[in-house]
Amino acid sequence: MASPVLADKPAVTPLPGRRRRRPGFGRRDHVIGWLLIAPAVIYFVIFLLYPALAALYYSFTDWNLRSAPDWVGPANYSDLLFDDVRYPHFWKSIRVTLQYTLIAVPLTLVTALAQALLINTIRRGSNLFRLLLFLPVVTAEAAVGAIWRWLYDPQYGLVNGFLGLFGIPGQNWLNTPELVIPALSFIAAWQCGISMIIYLAGLKGIPDSIREAAIIDGAGPIQRFRRIVVPMLRPTTFYLLVTGVIAALQVFGLVYVIFSGGGGRSVTGGPEQSGLTYVLHLYLFAFRYDAMGAACAMSFILFLFIMIITALQFKFVKQEAS
């Protein structure tokens with residue numbers, strides 16, 4: 001039986017000529033939202049989208065930055081890939097970049113994880129050590145290059161001095177073709193502060209109850225590291241691996257600072273172009289060889305290569321998870 005109070009209550013009807021407001025965002029809210037994101041949209045269009053589209057156009061032209069670009073179609077791409085006479089160091093720069101990536105990325109991840117494990121075990125003063133280990137990241141590339149040129153000095157460098165303590169003969173690190181890539185990789189591992197912070201956050205996210213249960217079951221430090229830490233840090237490691245590979249394939253500033261300008265060093269990437277990375281080669285084409293069209297084509301080749309490598313990494317992880 002219906003309540004008499006509800007039955008006697010008259011139905012509410014909207015007034016004629018007025019719309020009933022629907023729940024949700026109104027027009028004013030949409031306007032405010034667009035105004036809030038307008039700076040980001042303007043920045044994206046002016047400084048990212050337009051330069052990318054312009055570079056795509058110039059990659060199909062012959063342009064030296066001084067005269068009007070001449071349309072040549074896909075000639076830049078075909079010449080870069082197949083003309084060893086006109087572009088003799090293109091494939092060499094790819095090999096150098098891949099060698100650097102294969103050495104620098106694993107070395108950086110291992111160093112970052114070791115630093116994160118050490119900081120995670122420190123009870124007092126961990127913030128200070130975290131700051132000291134993060135300083136190389138925010139140090140200017142010019143300062144980093146100057147420091148490591150001195151550290152790698154064959155006569156007065158601290159690296160050879162340290163090796164001499166163990167009876168290991170010193171090396172001419174930056175002037176020996178076989179040692180250039182390992183020397184650059186050590187510098188990349190030294191600048192692993194961002195990866196260290198991310199690994200440290202992942203370690204903080206591991207519940208203490210899991211470690212305590214493993215200790216009660218008699219698991220030692222190595223077993224806890226293998227059975228608990230490594231599996232639970234797998235998403236973090238995958239993220240750092242993807243971003244590390246992308247960054248390594250685009251390495252430029254460090255190589256340019258170390259092998260450019262003064263000190264009798266050549267800007268072509270060290271002895272026998274052993275440090276001629278892909279982006280350094282791209283820079284030389286754009287601003288030294290007056291071939292901006294070829295440089296733009298190189299940038300899009302690198303873009304496609306990074307997309308393929310990243311897609312393969314994601315596919316491998318999905319197959320492993322299934």
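Visitor: Which residues lie nearest the centre of the largest pocket, and how many residues line that pocket?

Guide: Bear in mind that this is a predicted model. The largest pocket is lined by 23 residues. Thr108, Ala188, Gln191, Gly244 and Ala247 lie nearest its centre.

Visitor: How do you know that a residue belongs to the lining?

Guide: There's a cut-off: a lining residue has an atom within 4 Å of a point of the pocket. The elements that give two or more residues to the lining of the largest pocket are α4 (90–121), α5 (126–138), α9 (193–204), α12 (234–249) and α13 (253–258). The space in there comes to about 580 Å³.

Visitor: What is the make-up of that lining by class?

Guide: You'll find 15 nonpolar, seven polar and one charged residues lining the largest pocket. Gly counts as polar in this scheme, so Gly244, one of those nearest the centre, goes with the polar ones.

Visitor: And the second largest pocket: what is its volume, and which residues lie nearest its centre?

Guide: The volume is about 450 Å³. Its lining has 17 residues, with Leu117, Asn120, Thr121, Arg123 and Arg211 nearest the centre. By class, that splits into eight nonpolar, three polar and six charged.

Visitor: What makes α4 and α9 a contact?

Guide: Contact means heavy atoms within 4.5 Å. On the α4 side, the residues that meet α9 include Thr108, Leu117 and Asn120. Their partners in α9 include Met196, Tyr199 and Leu200. The residues of this contact divide into ten nonpolar, four polar and one charged.

Visitor: Then why is α5 also called oblique to α9?

Guide: α5 and α9 pack at about 140°, with axes 7 Å apart. Roughly antiparallel means over 145 degrees, and roughly perpendicular stops at 115, so α5 is oblique to α9. In α5, Arg130, Leu133, Phe134 and Val137 meet Gly193, Ile194, Met196, Ile197 and Leu200 in α9. By class, this contact has seven nonpolar, one polar and one charged residues.

Visitor: How do you know whether α10 and α11 are roughly parallel or roughly antiparallel?

Guide: Check the angle again: about 160°, with the axes 11 Å apart. The cut-off for roughly antiparallel is over 145 degrees, and α10 and α11 are therefore roughly antiparallel to each other. Their crossing is right-handed. Ile210, Arg211, Ala214 and Ile215 in α10 meet Arg224, Ile228 and Met232 in α11. That contact divides into five nonpolar, no polar and two charged residues.

Key:
Residues numbered from 1 in each chain as written. Predicted model: local features only at pLDDT ≥ 70, side-chain atom pairs only at ≥ 80, totals over all residues. Heavy atoms only, no water. 1 Å grid on protein atoms, 1.4 Å probe; cavity = no way out; pocket = protein on both sides within 12 Å on 5 of 7 lines; lining within 4 Å. Points joined across faces, edges and corners; volume = space filled by probe spheres on them. Helix = DSSP H or I, 4+ residues; strand = E, 2+ residues; numbered from the N terminus. Axes fitted to C-alpha atoms, helices over the stretch in contact; angles between N-to-C directions. Parallel < 35°, antiparallel > 145°, perpendicular 65-115°, else oblique. Left-handed = near helix turned anticlockwise from the far one by under 90°.
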